[in-house]
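Hi,

Here is the structure I said I would pass on. Have a look at it first, and my notes follow below.

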Amino acid sequence: MADFEFAAPVELDEALRLLSGTPGSRPLAGGTDLIDQLNAGRRTTGLVVDLKRIPVLMRLDVDGDGLHIGGARSCTDVQQHSAVRADYAGLAEACGLIGAVQIQNRAAVAGNVCNAAPSADTIPALISLSAHAIIRSQNGTRDVPLDEFFIGPGQTVLNDGEILEELVLPTPPDSSASAYLRFIPRNEMDIAVAGVGSYLEVDPNSKVITRARIALASVAPTPVRAREAESHLEGKVLSDEVIDEAAALAPNSASPISDVRGSAEFRLELVKVLTARTLRKCAERIG
Ligand SMILES: Cc1cc2nc3c(=O)[nH]c(=O)nc-3n(C[C@H](O)[C@H](O)[C@H](O)COP(=O)(O)OP(=O)(O)OC[C@H]3O[C@@H](n4cnc5c(N)ncnc54)[C@H](O)[C@@H]3O)c2cc1C
């Protein structure tokens, strides 16, 4: 691995100063992607700035704005948080699928997001739960809806010197639920051939779907929303039939490639099946 400087500040302002003062420097949350990329020579940097000692980036709590996940908080912490398990089940499911226990203990949800792999597991769950990215730099703060955060494989709207300070997920109402499922060829420790995160919100009396969000992984250069399927669901009474109709529309939003993990055709079929299954899980959870 090529040499680089390492800093572990305890203040966010100091981290921002270091990152903006060294072009090409990289923040590090868990390092499970970054260290591997540096080791393999796929990335080089003169400075790595560890974020895990900065208290504000370890935030994990719920307030009037919803759930706050700090930019260095681990998948394990998020997955085990009682509010996440109760109200953001799709995110808890995604966190519990990343690598294995050791990886989940190190890896941050924000690291998964900023690495921007099309196959990343937390991203569809976060998008389906309408997450926002709060981005900090020395110039101030900006708020970007997560479905506008990704611009290509491994590429995001983050500029040099910017840190994803936190992810904010609005509080879901009572008659709502989320779910995440992926397909991998083995039982664990593999990358999604396709992944789907779904969210449904219904009127508690009429059971009319008032909001539907479906996000897909590993079937396009970036995570994508299945907007046609979402529109089909909204305004209809929740039923098995309407779920199947929406699932059949979901592949229209995908543009997969064929690779060693699966053909494009197989991925389109997976999108249909996983969309139907995640929507059914949402329906069961809503009751
Ligand atoms: C054995 C193994 C299995 C894996 N299995 C899976 C899997 O099943 N599913 C999956 O999705 N991923 C998997 N991964 C990939 C990886 O573990 C995840 O993407 C993880 O969530 C990355 O988080 P991290 O904190 O380690 O990121 P890091 O490696 O620290 O950072 C990743 C990138 O994001 C940037 N970054 C990190 N935090 C911030 C921030 N707050 N602000 C701005 N930029 C930031 C870094 O500069 C770097 O470019 C696996 C990795 C390994 C090694």
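**What I found**

The C-alpha centres of domain 1 and domain 3 are 35 Å apart. The chain is assigned domain 1 (5–50), domain 2 (55–169) and domain 3 (176–286), with bounds from an automatic or database domain assignment.

Two things to know before you read on. This is a predicted model, where local features need pLDDT of at least 70 and side-chain atom pairs count only at pLDDT 80 or more, while totals for chains, interfaces and linings use all residues. Numbering starts from 1 along each chain as its sequence is written.

Now the ligand. It has 30 residues around it, the closest being Gly 30, Gly 71, Gly 99, Gly 111 and Asn 112 (a residue is near if its C-beta atom, placed from the backbone, lies within 6 Å). Elements giving two or more residues to this shell include β2 (26–28), α2 (34–39) and α7 (109–115); helices (H or I, at least four residues) and strands (E, at least two) are DSSP runs, numbered from the N terminus. The largest share, five residues, comes from α7. Domain 1 and domain 2 both contribute to the shell, so the ligand lies between them.

Setting aside neighbours within four places in sequence, Val 109 is in contact (C-beta atoms, placed from the backbone, within 7 Å) with Ile 69, Arg 73, Cys 75, Val 78, Cys 95, Thr 122 and Leu 167.

Cheers

Technical notes: Contact = placed C-beta atoms within 7 Å.
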